[in-house]
Amino acid sequence: MPETTKIRKFGGSFGFILPKSVVESMVVKEGDVLYVTGSPDGLTATPYDPEFAGLLDDARDFMRTHRDAFRELAK
């Protein structure tokens with residue numbers, strides 16, 4: 001069953017409180033940064049930087065493409 005929460009005003013901003021079960025399932029704690037991005041279904045919040053994940057995928061592709069050269073350099 002999905003968790004629910006209400007939008008609240010915090011000073012001049014709006015936000016919401018994450019239920020304890022959601023925080024535990026995300027393995028985050030107070031002070032951690034969440035990255036919020038738009039998706040076709042609404043918003044996605046994750047503790048992992050999506051830009052860094054994309055850069056890491058690019059690096060893996062590069063290393064896979066040049067695998068033989070890296071093996072030679074490692075000798």
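Phe62 is partly exposed, at 48% relative accessibility (buried means under 20% relative accessible area, exposed over 50%, partly exposed in between, with a 1.4 Å probe and protein chains only). The model is predicted, with local features needing pLDDT of at least 70 and side-chain atom pairs counting only at pLDDT 80 or more, while totals for chains, interfaces and linings use all residues. Residues are numbered from 1 along each chain as its sequence is written, and side-chain values use heavy atoms, without hydrogens and water.

The structure holds one aromatic pair. Phe62 and Phe70 form this pair, edge-to-face, at 6.2 Å centre to centre and with 75° between the planes. Rings of Phe, Tyr and Trp (its six-membered ring) pair if their centres lie within 6.5 Å; planes under 30 degrees apart count as stacked, over 60 as edge-to-face and the rest as tilted. Phe70 is partly exposed, with a relative accessible area of 36%.

Six salt bridges are present (a side-chain nitrogen of Lys or Arg within 4 Å of a carboxyl oxygen of Asp or Glu). One of them joins Arg64 to Asp61, at 2.9 Å from N to O. These two residues lie three apart in helix H2 (residues 50-65), and so are separated by about one helical turn. Helices (H or I, at least four residues) and strands (E, at least two) are DSSP runs, numbered from the N terminus. Arg64 is partly exposed at 48%, and Asp61 is partly exposed at 40%.

Arg71 and Asp68 also form a salt bridge, at 3.8 Å from N to O. They are three residues apart in helix H3 (residues 67-74), about one helical turn. Both Arg71 and Asp68 are exposed. A further bridge links Asp32 and Lys29, whose closest N and O atoms are 3.2 Å apart. Asp32 is partly exposed at 35%, whereas Lys29 is exposed at 58%.

Val27 is found in the loop between H1 and strand E3 (35-39). Its phi is near 55°, a positive value in a residue other than glycine. Val27 is exposed, with a relative accessible area of 70%.

The largest pocket holds about 230 Å³ of space. On a 1 Å grid over the protein atoms alone, a pocket is an open set of points where a 1.4 Å probe fits, with protein on both sides within 12 Å along at least five of seven lines; lining residues have an atom within 4 Å of a point. The lining includes Phe16, Met26 and Val36. Strand E4 gives the most to this lining, with three residues.

Methods:
Grid points are joined across faces, edges and corners, and a volume is the space filled by probe spheres set on the points.
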